[in-house]
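I opened a model today and kept notes on what I looked up. The entries follow in the order I made them.

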Amino acid sequence: MRIAMIGTGYVGLVSGTCFSEFGIDVVCVDKDARKIELLHDNVMPIFEPGLDELVASNVEAGRLSFTTDLKAAVKGADAVFIAVGTPSRRGDGHADLSFVFAAAEEIADALDGYTVIVTKSTVPVGTGDEVEKVIRARRPDAEFDVVSNPEFLREGSAINDFLRPDRVVIGTESERARKVMKQLYRVLYLIETPIVFTSRRTSELIKYAGNTFLATKITFINEIADLCEAVGADVHDVARGIGLDGRIGKKFLHPGPGYGGSCFPKDTLALVRTARDSGAPLRIVETVVAVNDERKKKMAERVVTACGGSVAGKIIAVLGLTFKPNTDDMRDSPAIDLVAGLVAAGATVRAFDPEGMDEAKKLLPDGVVYCDDSYATMPGAEALVIVTEWNAFRALDPSRIKSLLAAPRVIDLRNVYEPAEMRDQGFDYRSIGRV
Ligand code: UDX
């Protein structure tokens, strides 16, 4: 089997590499010549644990290669995956599909024999129909099927999520395409991974419904956390107490500063727009989007309140800038609103993140001081704020923190420390949903 993967972002690069690990010949294509050059030198354009080793071993085995030449990659491929970005369209929040359609046109021109064209990018319901039309219009002669095969991998654990998924979803009405897809995922059949075959439209909706449900679950526990603070309860015990009910499930009940990242904010908003346009509004999801946006903005206020009502002229140490640990991704990170709010309130922010500093510099306001390590953020600071739960922050030495800060104050937006221990050490310690 041979496939072409169009787009070497998170989804494309990880999926392409993992398919080659399954023993399939994979050519990854990107328009960005610099990215392809870097990949030839085994330099990853993204930070993802284990990815460089997996790329190197599959390139070495001759199953994985990189090119800017889409035509050559598509020619003779059994399947072509579209894994380009679908960002939020400016102004209306709909998914911007211009990259998807541009890829479809280029693929159409290069088709050579029966080919399955697979949308792996997260695309709104009906996009498969549109992609089919675009290709048919350019190549009335071509033999092809368009299949939906959404990707559920998480940044930071992307390889494991791809190689050992909870399930694979494949949307197609064509028996011929179904056979090709079964062959591509043969390895997962062997380890008895459930494969959900359904219609193309249903498959497209499954991806949005999944992400939206998870975003809703997080937002629910975040609001319960606020309630815990108001009534004197512990959100972790609530999460455990409800999560042990198999109908609810334990995962995605960790409270925090609000969800971020490249998927949840954009996908929840896109689904809200699709639902409204279809005359079946999703009022719960509309509320989730509004509550989460507001929550991220309110985090700066929490810090200001903890500091006695003003941070003007004060130093605030901020640890963790990426939207979650083990990534360099800053997209829609809660740190963006938090730092902007603190700077607007007159604070000097001293920040550190193990992987996200380069991206952070592009997105955070001027005047933020970027430090070389965790402790370097702390001298003279009025408070230490933990925004992302990198493991390195769990291991910090409390007595050293205390000796560096101007006031022994820790605002832990990810609940990485134990309240009783922190108070015993003499900290004014505040976390989320615990008193
Ligand atoms: C998500 C989906 O999990 C994945 O299936 C989909 O393919 C892409 O979107 P990702 O964005 O990589 O993956 O990160 P994820 O681990 O899901 O976290 C998303 C956000 O939710 C982060 O900001 C994280 O901090 C937050 N989160 C997650 C919580 O606040 N609490 C939780 O319990 C879980």
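**Entry 1**

I counted 28 C-beta neighbours of Cys28 inside 10 Å, so Cys28 is buried (buried means 20 or more other C-beta atoms within 10 Å of the residue's own, exposed means 12 or fewer, partly exposed is in between, and C-beta atoms are placed from the backbone). I note that this is a predicted model, where local features need pLDDT of at least 70 and side-chain atom pairs count only at pLDDT 80 or more, while totals for chains, interfaces and linings use all residues. Residues are numbered from 1 along each chain as its sequence is written.

I found Cys28 in strand β2, residues 25-29 (helices are DSSP runs of H or I with at least four residues, strands are runs of E with at least two, and both are numbered from the N terminus). Leaving out residues up to four places away in sequence, I listed Met5, Thr8, Gly12, Leu13, Gly16 and Phe66 as touching Cys28 (contact means C-beta atoms, placed from the backbone, within 7 Å). I also checked Val318, which is 290 residues from Cys28 along the chain, and the two C-alpha atoms are separated by 38 Å.

I then looked at strand β1, residues 2-6, and found four of its five residues buried. Strands β1 and β2 run parallel and are joined by five bridges (two strands pair if DSSP finds at least two bridges between them). Arg2 has Asp25 in β2 as its bridge partner.

**Entry 2: the six-stranded sheet**

In what order do the strands of the open sheet come? I read β11-β10-β9-β12-β13-β14, with parallel pairing. The edge strands, β11 (369-370) and β14 (428-430), each pair on one side only. Helix α13 (residues 283-306) packs on this sheet and touches β9 (315-319), β12, β13 and β14. The direction of α13 makes about 160 degrees with that of β13 (axes are lines fitted to C-alpha atoms, for helices over the stretch in contact, and angles run from 0 to 180 degrees between N-to-C directions). Helix α14 (residues 334-344) also packs on the sheet, touching β9 and β10 (348-352), and its direction makes about 150 degrees with that of β10.

Ile386 has Asp412 in β13 as its bridge partner.

**Entry 3: Pro334**

I placed Pro334 in helix α14. Pro334 is buried because 27 other C-beta atoms lie within 10 Å. Among the residues it touches, not counting those up to four places away in sequence, are Pro257, Gly258, Lys296 and Val387.

**Entry 4: domains and ligand**

The domain assignment gives domain 1 (2-198), domain 2 (218-289) and domain 3 (296-430) (the bounds come from an automatic or database assignment). The centres of domain 1 and domain 3, taken over C-alpha atoms, are separated by 38 Å. Five residues of domain 1 are in contact with seven of domain 3.

Where does the ligand lie? Domain 1 and domain 2 both give residues to its shell, so the ligand lies between them. I noted 20 residues around the ligand, the closest being Glu155, His254, Tyr259, Gly261 and Cys263 (near means a C-beta atom, placed from the backbone, within 6 Å). Helix α10 (residues 200-231) gives the largest share of the shell, three residues.

Technical notes:
Contact = placed C-beta atoms within 7 Å.
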